[in-house]
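Please keep both in view while reading.

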Amino acid sequence: MQRLGEKYQSVEAFGWAARDSSGHLSPFVFSRRETGEEEMRVKVLYCGVCHSDLHCLKNEWHSSIYPLVPGHEIVGEVTEIGRRVSKFSIGDKIGVGCIVDSCRACESCREDQENYCTKSVATYNGVHYDGTVNYGGYSDHIVVDERYAVKIPHTLPLASAAPLLCAGISMYSPMKYFGLAGPGKHIGIVGLGGLGHIGVRFAKAFGSKVTVVSSTAGKSKDALEIFGADGFLVSTDEDQMQAAMGTMDGIIDTVSASHPILPLIGLLKPSGKLVLLGATEKPFDLHAFSLILGRKSIAGSAIGGIKETQEMINFAAEHGIKAEIETISMEYVNTAMDRLAKGDVRYRFVIDIANTLAVTRS
């Protein structure tokens, strides 16, 4: 049975896809739709590797649609535009993050928070409004509505900009929304990984004081000397944690592995906020009095809307903020996934799509 819109999927594309929950990626020929009046065709230059790619490849969130082409940290070049496109021109360098459409009518969409639209369409492993499955940036080109793309300033290195489209905005948005950005604020960042290291750089650019909290003592040198954190706490060191109790205005927790949060709540000042970014599998052990006695709060946060993402990209360009990356070839991607599962990356993989994808096509 032909899906609605399938007849419009007439432009050949090439990428790498997983066919099942083994998560193994291999070459894949598929089709993308014709460029619509308000859409752009974009040659993918670089694509970041997000930990959520690994979750989806292995169907760990029980929602994967196979074959699955991952990738939602996409930097590319506009090669074709529809006749009603006004924000971009052919040759522009643009970024595409985690969503490529939304209902455009709900309260979230009207407030430039498309990321919280209940009908938002994921860049990959989502179903477009025409009924076709979306494929991501581990591919040679994509088609995107101009509303859901951002312009990459020429001063920002393209490969290092890719992770900003997910990891970067995921750190920037809660700092702004929860009032943690600026001089006089003390932010704790839990986890110095793909998100955390970018978060340190944003927080320092805002003028905030930053303390990294990590279970890995060996990351202290990177945190302090490379990323510019003001302090480092080993989360398993009770003396260090006790000495820092009640000192932080807010904490952004990036860790997705199960871990205790009561010690983190203890680090907060009265009225402090613990913001969760990591999606842990098991519920937290939480005592009500740990919040009540200090009027403390726990919140969650996802990516930002498109307007805020453009703001973040411009801020990053202005302040020289970029992700710390290891650029890899398409052929290396399965090894990279194995390393990512082990936490063996400093600090984000980015696939050089433009220079390494085509040669994998037999």
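The model is predicted. According to UniProt, in an unreviewed entry, residues 23-351 carry the feature "domain: Enoyl reductase (ER)".

**The parallel sheet**

- Strands of a sheet pair through backbone hydrogen bonds, and the pairing may be parallel or antiparallel.
- An open sheet is formed by six strands in the order S12-S11-S10-S13-S14-S15, with parallel pairing.
- Its edge strands are S12 (231-234) and S15 (297-300), each of which pairs on one side only.
- On average, neighbouring strands of this sheet are turned by 20° against each other, direction ignored.
- Within the sheet, strand S10 (residues 186-190) is joined to strand S13 (residues 248-253) by four bridges in the parallel sense.
- Opposite Ile187 stands Gly250, a residue of S13.

**Antiparallel pairs around strand S5**

- Strand S4 (residues 74-81) and strand S5 (residues 93-96) run antiparallel and are joined by four bridges.
- Across this pair, Val75 has Gly95 in S5 as its bridge partner.
- S5 also pairs with strand S9 (residues 150-151), in the antiparallel sense, over two bridges.
- Gly95 has Val150 in S9 as its bridge partner; Gly95 is also the bridge partner of Val75.

**Helix H10 and its two contacts**

- Two packed helices are described by the angle between their axes and by the distance between those axes.
- The axes of helix H5 (residues 196-206) and helix H10 (residues 306-319) come within 11 Å and cross at roughly 75°.
- Angles of 65 to 115 degrees count as roughly perpendicular, and H5 and H10 are therefore roughly perpendicular to each other.
- In this contact, Phe202, Ala205 and Phe206 of H5 meet Met312, Phe315, Ala316 and His319 of H10.
- The residues of the contact of H5 with H10 comprise six nonpolar, one polar and no charged.
- Helix H4 (residues 167-177) also approaches H10: the two axes come within 10 Å and cross at roughly 100°.
- H4 and H10 are therefore roughly perpendicular to each other.
- Here Gly168, Ile169, Tyr172, Ser173 and Lys176 of H4 meet Glu308, Thr309, Glu311, Met312 and Phe315 of H10.
- By class, the contact of H4 with H10 has four nonpolar, three polar and three charged residues.
- Met312 and Phe315 of H10 take part in the contact with H5 and also in the contact with H4.

**The surroundings of helix H11**

- In helix H11 (residues 333-341), the buried residues are Val333, Asn334, Ala336, Met337, Arg339 and Leu340.
- These buried residues pack against strand S1 (11-18), strand S2 (25-32), helix H1 (51-57), strand S16 (325-328) and strand S17 (348-352).

- Gln242 belongs to helix H7 (residues 238-243).
- Is Gln242 buried or exposed? Gln242 has a relative accessible area of 55%; because a value over 50% counts as exposed, Gln242 is exposed.
- Gln242 and Ile169 are 73 residues apart along the chain, and their C-alpha atoms are separated by 31 Å.
- Ile169 is one of the H4 residues that meet H10.

Terms used
Residues numbered from 1 in each chain as written. Predicted model: local features only at pLDDT ≥ 70, side-chain atom pairs only at ≥ 80, totals over all residues. Heavy atoms only, no water. UniProt positions renumbered as here; feature names shortened; annotations may be inferred. Pairing = 2+ DSSP bridges. Axes fitted to C-alpha atoms, helices over the stretch in contact; angles between N-to-C directions. Parallel < 35°, antiparallel > 145°, perpendicular 65-115°, else oblique. Contact = heavy atoms within 4.5 Å. Nonpolar A, V, L, I, M, F, W, Y, C, P; charged D, E, K, R; others polar. Buried < 20%, exposed > 50% of the residue type's maximum accessible area, 1.4 Å probe, protein only.
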